[in-house]
Amino acid sequence: VGVVVDANDTLHLVSRIWRRGANFPNLHDAALFYQSKPEGKPWSKPRAFLLPPLPHYSIYYNRLTIDRTGRLFVSYDYWSTWSAYRSELIGQAPAGSGFGRTLLITEDQGEHWSLVRDSDF
């Protein structure tokens, strides 16, 4: 779970939520979801923004942060517990990590997420 507060006292939350059958019929998966809670209002409905490539247990090692302009960033490193998946790609992984850190950005309160580009900094 990652939570940040913006300049308007809105809470922004990123968390892993388990689902059944959403992407893999009759199987569970764990996706990353975004929610927000403006001051004095209820939480928004969770919106999936990062879907796992495989069913069952997934770990994202995610971190949420916000910059001085209010843009949200999620850094994550996906890891599956499926040993065949890990074995196939383990040679491509940086030592001591999953398959490499990825950085996403949203400038519209979690409506659209994209990979960070050099021009975003």
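Predicted model: local features only at pLDDT ≥ 70, side-chain atom pairs only at ≥ 80, totals over all residues.
Ile-17 stands opposite Ala-31 in strand E3.

**Exercise 1. Determine how strands E1, E2 and E3 pair, and which residues stand opposite His-12.**

Solution. 

Step 1. Take E1 and E2. Strand E1 covers residues 2–5 and strand E2 covers residues 11–20; the two pair in the antiparallel sense over 4 bridges. Between E1 and E2 lie 5 residues, and the two strands form a hairpin. In the turn, Asp-9 has a positive phi of about 65°.

Step 2. Take E2 and E3. Strand E3 spans residues 28–37, and its pairing with E2 is antiparallel over 10 bridges.

Step 3. Locate His-12. This residue of E2 is the bridge partner of Val-4. His-12 also stands opposite Ser-36 in E3.

**Exercise 2. State the strand order of the sheet that contains E1, and explain why one side of E1 and of E4 is left without a neighbour in the sheet.**

Solution. 

Step 1. Write down the order. The open sheet consists of 4 strands in the order E1-E2-E3-E4, with antiparallel pairing.

Step 2. Examine the edges. E1 and strand E4 (47–50) each have a single partner strand, so one side of each lacks a neighbour in the sheet.

**Exercise 3. Decide whether Ser-58 is buried or exposed, and identify its contacts.**

Solution. 

Step 1. Ser-58 belongs to strand E5, which comprises residues 58–59.

Step 2. Apply the cut-off. Buried means under 20% relative accessible area. Ser-58 has 0% relative accessibility and therefore counts as buried.

Step 3. List the surroundings. Not counting residues up to four places away in sequence, Ser-58 touches Arg-16, Ala-30, Pro-52, Tyr-78 and Trp-79. With Tyr-78 there is a polar contact of 3.2 Å between the side chains.

**Exercise 4. Describe the position of Arg-71 and the polar partners of its side chain.**

Solution. 

Step 1. Arg-71 lies in the loop between strand E6 (63–66) and strand E7 (72–76).

Step 2. Classify it. The relative accessibility of Arg-71 is 17%, so this residue counts as buried.

Step 3. Find the polar partners. The side chain of Arg-71 makes a polar contact of 2.8 Å with the side chain of Asp-67. A polar atom of the Arg-71 side chain also lies 2.8 Å from the backbone oxygen of Asp-120.

Step 4. Compare sequence and space. Arg-71 and Asp-120 are 49 residues apart in sequence, while their C-alpha atoms are 10.0 Å apart. Beyond four places in sequence, the contacts of Arg-71 include Asp-120, Ile-105 and Thr-65.

**Exercise 5. Give the order of the sheet that contains E6, and find which residue stands opposite Ile-105.**

Solution. 

Step 1. Write down the order. This open sheet of 4 strands runs E6-E7-E9-E10, and its pairing is antiparallel.

Step 2. Examine the edges. E6 and strand E10 (114–115) stand there with a single partner strand each, so one side of each has no neighbour in the sheet.

Step 3. Find the residue pair. Strand E9 (residues 102–106) and E10 run antiparallel and are joined by 2 bridges. Opposite Ile-105 stands Ser-114 in E10.

Technical notes: Residues numbered from 1 in each chain as written. Heavy atoms only, no water. Pairing = 2+ DSSP bridges. Buried < 20%, exposed > 50% of the residue type's maximum accessible area, 1.4 Å probe, protein only. Polar contact = N/O pair within 3.5 Å; in protein donor to acceptor, adjacent residues only side chain to side chain. Contact = heavy atoms within 4.5 Å.
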